[in-house]
Amino acid sequence: MIKFFLMVNKQGQTRLSKYYEHVDINKRTLLETEVIKSCLSRSNEQCSFIEYKDFKLIYRQYAALFIVVGVNDTENEMAIYEFIHNFVEVLDEYFSRVVLLCHPGWSAEVRSWLTTPWISWAQVILLPQPPK
């Protein structure tokens, strides 16, 4: 069973988080910090499955984006690993080969090589939204 789903940039900032079990806000921050540190500190040659406390972490890196899924011990790691890739392919197709999750008002330059063999650059500037 999936416990949580995180999308994190290389700077360790959480861009998206979804929890499927109740976790207090204070504990979420601590959990995300530890999980992100565990994943970002690993080299590309290391396995993308990590035993962490009472669950497993499965992660994949796409350009500057890490996707981390926390699951219980009985979950199939390869199935979750493939699930992450399928999720990114859908995002990649929907956002026209650019996956960018940021807050309005931020600018970012994104190198999109998520599911394609070639490299393309996209400059994305999100203007601040007026208050509603």
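Begin with the lining of the second largest pocket, which comprises 7 nonpolar, 1 polar and 6 charged residues. The model is a predicted one. The volume of this second largest pocket is about 290 Å³. Select Val-23, Lys-27, Leu-31, Lys-53 and Phe-55: of the 14 lining residues, these are the closest to the centre of the pocket. Next, colour S1 and H1, each of which supplies at least two residues of the lining. H1 makes the greatest contribution to the lining, with 4 residues.

**The whole chain**

The protein chain contains 2 helices and 7 strands, and along the sequence they follow the pattern β-β-α-β-β-β-α-β-β. Of its 132 residues, 34% count as buried. Among contacts in the chain with a separation of 6 or more, 39% are between residues 24 or more positions apart.

**The largest nonpolar core**

In soluble globular proteins, nonpolar side chains tend to be buried together. To inspect the largest nonpolar core here, select Phe-4, Leu-6, Leu-31, Val-35, Leu-57 and Val-68; of its 15 residues, these touch the most other members. At least two residues of this core come from each of strand S1 (2–9), helix H1 (25–40), strand S3 (49–52), strand S4 (55–62) and strand S5 (65–71). The largest share is that of H1, with 4 residues.

Select S3 and show its side chains. Its covered face carries Ile-50 and Tyr-52, while Phe-49 and Glu-51 are on the uncovered face.

Proceed to Lys-53, which is placed in the loop between S3 and S4. The hairpin has 2 residues between its strands. Most residues other than glycine have a negative phi, and most peptide bonds are trans. Lys-53, by contrast, has a positive phi, near 50°, although it is not glycine. Is Lys-53 buried or exposed? Its relative accessible area is 64%, so Lys-53 is classed as exposed, the cut-off for that class being over 50%.

**Lys-18 in strand S2**

For the last stop, select Lys-18, which belongs to strand S2 (residues 14–19). Because its relative accessibility is 43%, Lys-18 counts as partly exposed; that class lies between the limits of 20% and 50%. Display the neighbours of Lys-18: leaving aside residues up to four places away in sequence, it touches Lys-3, Phe-4 and Phe-5. Finally, draw a C-alpha to C-alpha distance from Lys-18 to Met-7: the two are 9.2 Å apart in space and 11 residues apart in sequence.

Conventions
Residues numbered from 1 in each chain as written. Predicted model: local features only at pLDDT ≥ 70, side-chain atom pairs only at ≥ 80, totals over all residues. Heavy atoms only, no water. Core = buried A, V, L, I, M, F, W, Y, C linked by side-chain atoms within 4.5 Å. Buried < 20%, exposed > 50% of the residue type's maximum accessible area, 1.4 Å probe, protein only. Pairing = 2+ DSSP bridges. 1 Å grid on protein atoms, 1.4 Å probe; cavity = no way out; pocket = protein on both sides within 12 Å on 5 of 7 lines; lining within 4 Å. Points joined across faces, edges and corners; volume = space filled by probe spheres on them. Nonpolar A, V, L, I, M, F, W, Y, C, P; charged D, E, K, R; others polar. Contact = heavy atoms within 4.5 Å.
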